[in-house]
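Below is a short report on one protein chain, written for a reader who works with coordinates. The sequence and model come first.

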Amino acid sequence: MEYNLVHAMLGRLGVLIPLLGLLFEIASIISQKKEISKIAGVIVILGYLIVISAEITGFQEFLYLKSINQDVQPFRVHMVIGGIVIVIFTFLSLIRIYLYKKVNEKVMIAYMVMYTITVMANLLSNEVIIHNLRGE
């Protein structure tokens with residue numbers, strides 16, 4: 001069950017760090033400072049790596065629960081949304097790396113909209129699983 005604790009810690013960081021990245025992205029748009037934009041990019045990439053780590057430990061936990069014939073039905077929504085978030089975060093990280101090299105306003109707007117929706121979906125996914133586990 002040590003994967004449970006690691007997954008819980010990485011899952012919380014995987015929500016908070018991308019949210020912090022979103023705030024820095026908004027700050028970089030408002031201030032128009034290149035330095036803040038670079039810091040935001042680093043935070044976004046770091047958040048992506050943490051989300052990937054949370055996904056790996058979550059998958060290990062899922063395999064463990066399946067091996068002991070535990071019911072995994074309460075985790076289905078979390079797993080589906082988490083899988084979608086991983087794919088979108090991968091795509092967004094590639095866009096963010098592109099935006100490091102070349103700033104394009106249309107790409108930046110699309111990136112910000114997708115990043116905001118993804119961060120909110122990630123937060124929703126974690127809230128759903130927390131309430132499912134508590135039985136609420």
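The text covers the fold, the core, the aromatic rings and some individual residues.

The model is predicted, so to speak of a local feature pLDDT must be at least 70, side-chain atom pairs count only at pLDDT 80 or more, and totals for chains, interfaces and linings use all residues. Residues are numbered from 1 along each chain as its sequence is written, and side-chain values use heavy atoms, with hydrogens and water left out.

**Fold**

The chain has four helices and zero strands, in the order α-α-α-α along the sequence. Helices (H or I, at least four residues) and strands (E, at least two) are DSSP runs, numbered from the N terminus. Along the principal axes, the C-alpha atoms fill a box of roughly 50 × 25 × 20 Å. Among contacts in the chain with a separation of 6 or more, 74% join residues 24 or more positions apart; contact means heavy atoms within 4.5 Å.

The chain has 136 residues, of which 35% count as buried. Buried means under 20% relative accessible area, exposed over 50%, and partly exposed in between (1.4 Å probe, protein chains only).

**Core and aromatic rings**

The largest nonpolar core contains 16 residues, and Phe 89, Tyr 111 and Tyr 115 have the most contacts inside it. Helix H2 (34–67), helix H3 (76–101) and H4 each give two or more residues to this core, and the largest share, seven residues, comes from H3. Such a core is a set of buried Ala, Val, Leu, Ile, Met, Phe, Trp, Tyr and Cys residues joined through side-chain atoms within 4.5 Å.

The structure holds three aromatic pairs. Rings of Phe, Tyr and Trp (its six-membered ring) pair if their centres lie within 6.5 Å; planes under 30 degrees apart count as stacked, over 60 as edge-to-face and the rest as tilted. Two of the pairs are listed here.

| Pair | Centre to centre | Angle between planes | Class |
|---|---|---|---|
| Phe 89 and Tyr 115 | 6.0 Å | 70° | edge-to-face |
| Tyr 111 and Tyr 115 | 5.7 Å | 15° | stacked |

Phe 89 lies in helix H3 and Tyr 115 in helix H4, so their pair ties together parts 26 residues apart in sequence. Tyr 111 and Tyr 115 are four residues apart in helix H4, which puts about one helical turn between them. Ring pairs link Phe 89, Tyr 111 and Tyr 115 into a cluster. Phe 89 is buried at 1% relative accessible area, and Tyr 115 is buried at 0%. Beyond its neighbours within four places in sequence, Tyr 115 is in contact with Pro 18, Gly 21, Leu 22, Val 44, Phe 89 and Leu 92.

**Other residues**

Arg 96 lies in helix H3 and counts as buried because its relative accessibility is 2%. Not counting residues up to four places away in sequence, Arg 96 touches Glu 25, Ser 37, Lys 38, Ala 40, Gly 41, Val 44 and Tyr 111.

Lys 106, in helix H4 (residues 105–134), counts as exposed at 71% relative accessibility.

Ile 26 belongs to helix H1 (residues 2–31) and is partly exposed at 37% relative accessibility.
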